[in-house]
Amino acid sequence: MVDDQRIEDLLTIGVAADTFVIHDLIAEVRELRASVEIAGQELAALKLDRDDQHAGYMQINALYQAELKKVADCHDVLKAQKQERDAALARVGELEKALKAVEWKGLDVYEIGDYCCPGCGRSEKQGHAPDCIVGQALRPGGET
Ligand SMILES: [Zn+2]
């Protein structure tokens, strides 16, 4: 780097031949130093912006990761609930099958002359009584 004081010293003692050129060079060096100073300040500002953006990114990323964890947790809960539901539906299917197996196999308590529903005592030809628990349980969708 050019030392202004050194150049001034040389001018004072008459070493430089063309003082106008030297003064122009000194002015140019000062302008360049000012430009370098401004560029340094701009660079520092850009670094601050970059740091702010990085901090913002880290903040957003932390929120995103937290949301991702929530989604994963919900997925686990839904998966467990689906397994419970599937197990319950399988159990309902087994119970329905067992109920159908005995639906018209009950004792003929009213002496109809045929096997009867163990719930309402009616024959298959008569159909279930409206309030028969077996008939209600075997209706589609378990409607009452
Ligand atoms: Zn019945």
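Helices here are DSSP runs of H or I with at least four residues, strands are runs of E with at least two, and both are numbered from the N terminus. With that in hand, let's start.

This is a predicted model: local features need pLDDT of at least 70, side-chain atom pairs count only at pLDDT 80 or more, and totals for chains, interfaces and linings use all residues. Residues are numbered from 1 along each chain as its sequence is written.

First, the layout. The pattern along the sequence reads α-α-α. That is three helices and zero strands. The radius of gyration, taken over C-alpha atoms, is 47 Å for this chain, well over the 15 Å that the globule rule gives for 144 residues, so the chain is more spread out than a compact globule. That rule is 2.2 Å times the number of residues to the power 0.38. Now the box. Along the principal axes, the C-alpha atoms fill roughly 145 × 20 × 15 Å.

Next, domains. Their bounds come from an automatic or database domain assignment. Domain 1 covers 1-100, and domain 2 covers 103-144. How far apart do their C-alpha centres lie? The answer is 75 Å.

On to helix α2, residues 19-102. It has 84 residues. From first C-alpha to last, α2 reaches 122 Å, close to the 124 Å expected at 1.5 Å a residue. The expected span is 1.5 Å times one less than the number of residues.

Is α2 buried or in the open? A residue is buried if 20 or more other C-beta atoms lie within 10 Å of its own, exposed if 12 or fewer, and partly exposed in between, with C-beta atoms placed from the backbone. In α2 the number of buried residues is zero, so the helix lies largely in the open. Over the chain's 144 residues, 4% count as buried.

Two residues show this up close. Take Val 71, in helix α2. Val 71 is exposed, because it has 10 other C-beta atoms within 10 Å. Val 71 and Ala 34 are 37 residues apart in sequence, and their C-alpha atoms are 55 Å apart in space. Then Leu 78, also placed in α2. Leu 78 is exposed, with 10 other C-beta atoms within 10 Å. From Leu 78 to Gly 93 is 15 residues in sequence and 22 Å in space, C-alpha to C-alpha.

Last, contacts, meaning two residues whose C-beta atoms, placed from the backbone, lie within 7 Å. Among contacts between residues at least 6 apart in sequence, 16% join residues at least 24 apart.
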